[in-house]
Amino acid sequence: MKSMIMIRQANAGQYFTAVIGDTIEVLLDENPSTGYLWEVVKLDRNILVSLESSFFYTSDALLGSRGIRRFQFVVKAPGETIISFRLIRPWEKDASAIEQFQVTINAVKS
C-alpha cells in the first residue's frame, strides 16, 4: 500500500525513507504578500516527480496573512536525493534568498 509522507519545516535536515509510488508532501510557511515565495532549487527528477505546488491560508487567516506553501512529489525510482528549497523574491533572483530548507529522501523498492 502506498502512503503519504508529510514533511514540515521542523523536519529541516532530516532523512526520510519512501517506497516507489509514495507521495511526499512538503509544507512550508509562506507569506506571498511580502513577495517571498518558496521554490525548489535541487531535486533528482529521475527519483522524484513534481506533482503540484499550491498555497493556502490557514483557516483563521486574513487575506495578506501567512499561509502554507505545499509541494507534492511522487517517488518513481529507487535512489537517494536531496530536495532543497529557498525562500526568494523571484524577480530579485538568488540575491534575495532569506531562508533555505532541505531534506534527504531515500527511495526504495517495496
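Predicted model: local features only at pLDDT ≥ 70, side-chain atom pairs only at ≥ 80, totals over all residues.
Strands of a sheet pair through backbone hydrogen bonds, and they can do so parallel or antiparallel. Here you'll find an open sheet of four strands, in the order β1-β3-β6-β5, with mixed pairing. At the edges sit β1 (4–8) and β5 (48–57), each of which pairs on one side only. Going from one strand to the next, the twist averages 20°.

Now zoom in on β3 (residues 23–30) and β6 (residues 67–75): these two run antiparallel, and eight bridges join them.

The structure has four salt bridges. One of them pairs E30 with R69, whose closest N and O atoms are 2.8 Å apart. Because E30 lies in strand β3 and R69 in strand β6, this pair ties together parts that are 39 residues apart in sequence.

Another salt bridge joins R86 and E39, at 2.6 Å from N to O. This one also links distant parts of the chain: R86 is in strand β7 (residues 79–88) and E39 in strand β4 (residues 37–42), 47 residues apart. E39 is partly exposed, with a relative accessible area of 25%.

Finally, look at R89 and E92, whose side chains meet in a salt bridge at 3.8 Å, N to O. R89 is partly exposed at 24%, and E92 is partly exposed at 33%.

Definitions and conventions:
Residues numbered from 1 in each chain as written. Heavy atoms only, no water. Pairing = 2+ DSSP bridges. Axes fitted to C-alpha atoms, helices over the stretch in contact; angles between N-to-C directions. Buried < 20%, exposed > 50% of the residue type's maximum accessible area, 1.4 Å probe, protein only.
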